[in-house]
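Work through the exercises below with the sequence and the model side by side. Each task is followed by a worked solution.

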Amino acid sequence: MSSLSELKKPFAAQLRDSALGQRWQSLAPRERLALALLALFLLLVLLYLSLWRPAEQGRLAARAAYEQQRSLHAYLQAQAPLARSLASAPGPVSIRRGCRAWSPPARSSRGWWSSDWTAQARVHWR
């Protein structure tokens, strides 16, 4: 402990001799208390804005992502029997009935084709 107080002595002397330290000492005790409380309030606001608020927003985002994944899992579990029945069906499954596929050449003739869309096809269900 004595080494800590020995380290503080030069800093305390430097603060006492500075213009800010002299200004602080010239203030009335009531003004010093008001400024100290204001500094504490500003420190708490700064801590809230820099630490607590981002952590809270991250927690809320994680909760929303969890709920989304949970609903996706429930949907996939509900669709599992259908997927199993389609996988066990003999022969290829045709998707032609009830849908139409727009191939890249058909889209290019209508002006819907872009060169950066290579090897993509869209399927539209009727």
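**Exercise 1.** How many residues has H3, and how far does H3 reach from its first C-alpha to its last?

*Solution.* The coordinates come from a predicted model. Start with the count: H3 has 60 residues. Next, take the span from the first C-alpha to the last, which is 85 Å. Then compare: at 1.5 Å a residue, 88 Å is expected, and the span of H3 is close to that. Finally, look for a bend. H3 has a kink of about 40 degrees at Gln79.

**Exercise 2.** Describe burial and contacts. What percentage of the 126 residues count as buried?

*Solution.* The cut-off for buried is under 20% relative accessible area. In this chain, 5% of the 126 residues count as buried. Now the contacts. Take those between residues at least 6 apart in sequence; 24% of them join residues at least 24 apart.

**Exercise 3.** Find the nonpolar surface patch. Which helix gives the most to the patch?

*Solution.* List the members first: Trp24, Leu35, Leu38, Phe41, Leu42, Val45, Tyr48, Leu49 and Trp52. Together they make a patch of about 910 Å². Assign them to elements: helix H3 gives the most, with 8 residues. Check one member. Leu35 lies in helix H3. Its relative accessibility is 41%, so Leu35 counts as partly exposed.

**Exercise 4.** Search for salt bridges. How many are found in the whole structure?

*Solution.* The search finds 2 salt bridges. Take them in turn.

- Arg59 pairs with Glu56, and their closest N and O atoms are 2.9 Å apart. Both residues lie in helix H3, 3 residues apart, or about one turn.
- Arg63 pairs with Glu67, and here the closest N and O atoms are 3.4 Å apart. These two are 4 residues apart in helix H3, so about one helical turn separates Arg63 and Glu67.

The spacing has a simple basis. With 3.6 residues a turn in an α-helix, residues three or four places apart point the same way.

**Exercise 5.** Classify the partners by accessibility. Is Glu56 buried or partly exposed?

*Solution.* Glu56 has a relative accessible area of 28%, so Glu56 is partly exposed. Arg59, at 46%, is partly exposed. Glu67, at 33%, counts as partly exposed.

Notes
Residues are numbered from 1 along each chain as its sequence is written. This is a predicted model: local features need pLDDT of at least 70, side-chain atom pairs count only at pLDDT 80 or more; totals for chains, interfaces and linings use all residues. Side-chain values use heavy atoms; hydrogens and water are left out. Buried means under 20% relative accessible area, exposed over 50%, partly exposed in between (1.4 Å probe, protein chains only). Contact means heavy atoms within 4.5 Å. Patches are made of residues with over 30% relative accessible area and no salt bridge: like charges are joined within 9 Å, nonpolar side chains (Val, Leu, Ile, Met, Phe, Trp, Tyr) within 5 Å. Accessible areas come from the Shrake-Rupley method with a 1.4 Å probe; for residues, only the protein chains shown count as cover. A salt bridge is a side-chain nitrogen of Lys or Arg within 4 Å of a carboxyl oxygen of Asp or Glu. The expected span of a helix is 1.5 Å times one less than its number of residues. The bend at a residue is the angle between axes fitted to the seven residues ending there and the seven starting there.
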